[in-house]
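Reader: Walk me through this one, please. Keep it brisk.

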Amino acid sequence: MDDRRSVLVLTNPCDVTADVVLRLLAERRIPVVRLDPGADLHAGASLTATYRTGEQWGTLRTASRELDTTRVRSVWVRRPSPYGGPPALAGQDRRFAAEQALWGAGGILASLPGARYLNHPWNNRAAEFKPSQLSTAQRCGFLVPNTVITNDPQEAREFVTSHCGGVVYKPLWNTRYRVDGQPHSVWVREVCGSEITDAVSVCPHMFQAKVDKAFDVRVTAVGDRLIGVRIDSPDLDWRCRQDLMTCTAVEVPESVACAVTAYLTELRLIYGAFDFAVTASGDWYFLECNPNGQWAWQPAETVAAIARAIADLLEKGPDT
């Protein structure tokens, strides 16, 4: 098999969303190497990069493939496992090995010459900060709900009480959290001023004016393709009970499409999962953009369209 035009997919072995695209690439006879660097490099895989004045080369070896890393056409950074270090090590030795893997292997895989990244991991990380998302959304022309991010309890109380239409709390990051030993999700929820305690001072909290929405919309952007789905749910946060929501295709207004394009360009993204709250009068309010958001939960025809768009970009490789 000719590895000169391989697609490198960085993800964990349980990523069924990636499988949807990999089946399309297999049908197109596009060679693919799948790697979970945080785990596979401790389980027999090896990665080498060599640099000399005027030249660079490298090799990735897995159980089934040997890949010239200078001849990769595209890299899909999906959902790789964290760099955790070899399980046989403990304490500071494991932490040392994990950090060396992140900065070494992670750096190599983020610097493959001439490859298209979807998305580049450093751009993904930069685009995950919600303050950056809101600031970028404003510059790109989106409507943005009034928002405050603060660790000052008094600022938080004043913000909540000043919005008669209601205020919601949103975590700034989906931190893993457990209650009585069980995984616990922190959903978006409405708050009132009396709930704001001095505990807000422990860390920054995000409070946002509640949008009087008629429905939600998820817009999945893959390059210049925008795929919109209307979400009707009885819940403020439709993720809480996805079995109760309904999804139907929706057209993306031209003004929103232009803002999406500007947003992707500014944050150097190819893929983005945009969430909007839409009012009865047709105003689309930007809520967030997950640069690596899940998409296989949507209707079958939507999933197929997104998968084709991703496969097309991975097959195409870098723009020439």
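Predicted model: local features only at pLDDT ≥ 70, side-chain atom pairs only at ≥ 80, totals over all residues.

Reader: Is the crossing of H1 and H8 left-handed or right-handed?
Author: Right-handed, for H1 with H8.

Reader: Which residues make the contact?
Author: H1 brings Val 20, Val 21, Leu 24 and Leu 25. H8 brings Val 303, Ala 307, Arg 308, Ile 310, Ala 311 and Leu 314. Contact means heavy atoms within 4.5 Å.

Reader: How do the residues of that contact of H1 with H8 divide?
Author: Nine nonpolar, no polar, one charged. Nonpolar covers Ala, Val, Leu, Ile, Met, Phe, Trp, Tyr, Cys and Pro; charged covers Asp, Glu, Lys and Arg; the others, Gly among them, are polar.

Reader: And H5 with H7? At what angle do those axes cross?
Author: Roughly 130 degrees, coming within 9 Å; H7 is residues 254-267. That makes H5 oblique to H7. The crossing of H5 and H7 is right-handed.

Reader: Which residues meet there, H5 to H7?
Author: From H5, Ser 132, Gln 133, Thr 136, Ala 137 and Arg 139. From H7, Tyr 263, Glu 266 and Leu 267. By class, the H5 and H7 contact has three nonpolar, three polar and two charged residues.

Reader: Change of topic. How many aromatic pairs?
Author: Rings of Phe, Tyr and Trp (its six-membered ring) pair if their centres lie within 6.5 Å; planes under 30 degrees apart are stacked, over 60 edge-to-face, the rest tilted. By this rule the count is twelve. In one, Phe 142 and Phe 274 have ring centres 6.2 Å apart and planes at 40 degrees, so that pair is tilted.

Reader: Where do Phe 142 and Phe 274 lie?
Author: Phe 142 is in the loop between H5 (130-139) and strand E8 (147-150), and Phe 274 is in strand E17 (residues 271-279), so the pair ties together parts 132 residues apart in sequence. Both Phe 142 and Phe 274 are buried. Buried is under 20% relative accessible area, exposed over 50%, partly exposed in between (1.4 Å probe, protein chains only).

Reader: What about the rings of Phe 274 and Phe 276?
Author: Their centres are 6.3 Å apart and their planes at 10 degrees, so Phe 274 and Phe 276 are stacked. Phe 276 is buried too, like Phe 274. One aromatic cluster takes in Phe 142, Tyr 263, Phe 274, Phe 276, Trp 284 and Phe 286.

Reader: Now the backbone. Which residues does the cis peptide bond join?
Author: Leu 118 and Asn 119, with omega about -25 degrees. Asn 119 sits in the loop between strand E7 (116-118) and helix H4 (121-127). Most peptide bonds are trans, and most residues other than glycine have a negative phi.

Reader: What is phi at Arg 29?
Author: Positive, about 60 degrees, though Arg 29 is not a glycine. Arg 29 lies in the loop between H1 and strand E2 (32-35). Its relative accessible area is 75%, so Arg 29 is exposed.

Reader: And phi of Arg 268?
Author: Near 60 degrees, a positive value again in a residue other than glycine. Arg 268 is in the loop between H7 and E17.

Reader: Last one. What does Ala 309 touch?
Author: Val 222 and Arg 225, leaving out residues up to four places away in sequence. Ala 309 lies in H8. At 2% relative accessibility, Ala 309 counts as buried.

Notes
Residues numbered from 1 in each chain as written. Heavy atoms only, no water. Left-handed = near helix turned anticlockwise from the far one by under 90°. Helix = DSSP H or I, 4+ residues; strand = E, 2+ residues; numbered from the N terminus. Axes fitted to C-alpha atoms, helices over the stretch in contact; angles between N-to-C directions. Parallel < 35°, antiparallel > 145°, perpendicular 65-115°, else oblique.
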